[in-house]
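Take a look at the model below.

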Amino acid sequence: MNYEIKTFNYHSPEYKQALQLRDKILRKPLGLQFSEAELKKDEHDIHFGLFEEEKIVACLTLTKTDNGKMKMRQVAVYDTAQGKGLGSKLSVAAEEYAKENGYHTMFCHARKAASNFYLKLGYKIIGDEFTEVNIPHYEMEKRLA
Ligand SMILES: CC(C)(COP(=O)(O)OP(=O)(O)OC[C@H]1O[C@@H](n2cnc3c(N)ncnc32)[C@H](O)[C@@H]1OP(=O)(O)O)[C@@H](O)C(=O)NCCC(=O)NCCS
């Protein structure tokens, strides 16, 4: 399978593809949609996509913090492409980017249902379960350095 991992800008054509993917995989199944305020948060973030022939298949977003930790969020793979290692490849590429840019830790608010995906990537559960977008989550983190 030929794929390309790249970053893209807020409001670029690739970003619009990513939003469709995020909406289909992360919001619609919960009966939710993105608010303006939520999307505004994307403006200063780093957006990653895995593309096959210019079509996005997987995406994630990185949010910088000022304590050496990078937050990974909005991790989604189209349902027909799940379970083929693409989410892992994209996450590892994002971890490498964060490390190269001086971040020592990656963290995320992982859906409990997806926590095994992060455990397999070497993340650890930090603290108690909490609710976000109406479903159970764990904070998970991985030391990069
Ligand atoms: C979770 C998700 C991003 C994983 O991406 P993926 O490309 O399907 O995962 P991979 O093929 O790289 O899987 C890597 C490992 O994690 C496991 N895994 C993947 N998705 C999982 C899930 N939802 N629950 C439990 N384990 C999972 C796989 O079994 C695999 O293990 P293996 O190497 O022993 O076979 C993707 O399935 C997805 O978009 N799911 C729906 C949205 C979602 O839950 N996003 C995460 C929000 S925190």
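Here Ala, Val, Leu, Ile, Met, Phe, Trp, Tyr, Cys and Pro count as nonpolar, Asp, Glu, Lys and Arg as charged, and the others, Gly among them, as polar. By these classes, the shell around the ligand holds 10 nonpolar, six polar and three charged residues. This is a predicted model. Of the 19 residues around the ligand, Gln82, Gly87, Ser88, Ala114 and Asn116 come nearest. The elements that give two or more residues to this shell are α1 (13-27), β4 (69-77), α3 (86-100), β5 (105-111) and α4 (115-120).

Now the fold. The protein has four helices and seven strands. From the N terminus, their order is β-α-α-β-β-β-α-β-α-β-β. The C-alpha atoms fill a box of roughly 35 × 35 × 30 Å along the principal axes. Of the 145 residues, 25% count as buried. Among contacts with a separation of 6 or more, 60% join residues 24 or more positions apart.

Next, α3. This helix has 15 residues and reaches 21 Å from its first C-alpha to its last, close to the 21 Å expected. Which residues of α3 are buried? They are Gly87, Leu90, Ser91, Ala94, Glu95 and Ala98. They cover an arc of only 140° around the axis, so they sit on the same side of α3. An α-helix has 3.6 residues a turn, so residues three or four places apart point the same way. The buried residues of α3 pack against β1 (4-8), β2 (46-52), β3 (55-64), β4, β5 and α4. The face turned away from the buried side of α3 carries the exposed residues Glu96 and Glu100. After α3 comes Gly102, with a positive phi near 90°.

Terms used: Residues are numbered from 1 along each chain as its sequence is written. This is a predicted model: local features need pLDDT of at least 70, side-chain atom pairs count only at pLDDT 80 or more; totals for chains, interfaces and linings use all residues. A residue is buried if 20 or more other C-beta atoms lie within 10 Å of its own, exposed if 12 or fewer, and partly exposed in between; C-beta atoms are placed from the backbone. Two residues are in contact if their C-beta atoms, placed from the backbone, lie within 7 Å. A residue is near a molecule or strand if its C-beta atom, placed from the backbone, lies within 6 Å of it. The expected span of a helix is 1.5 Å times one less than its number of residues. The arc is that of the directions from the helix axis to the C-beta atoms.
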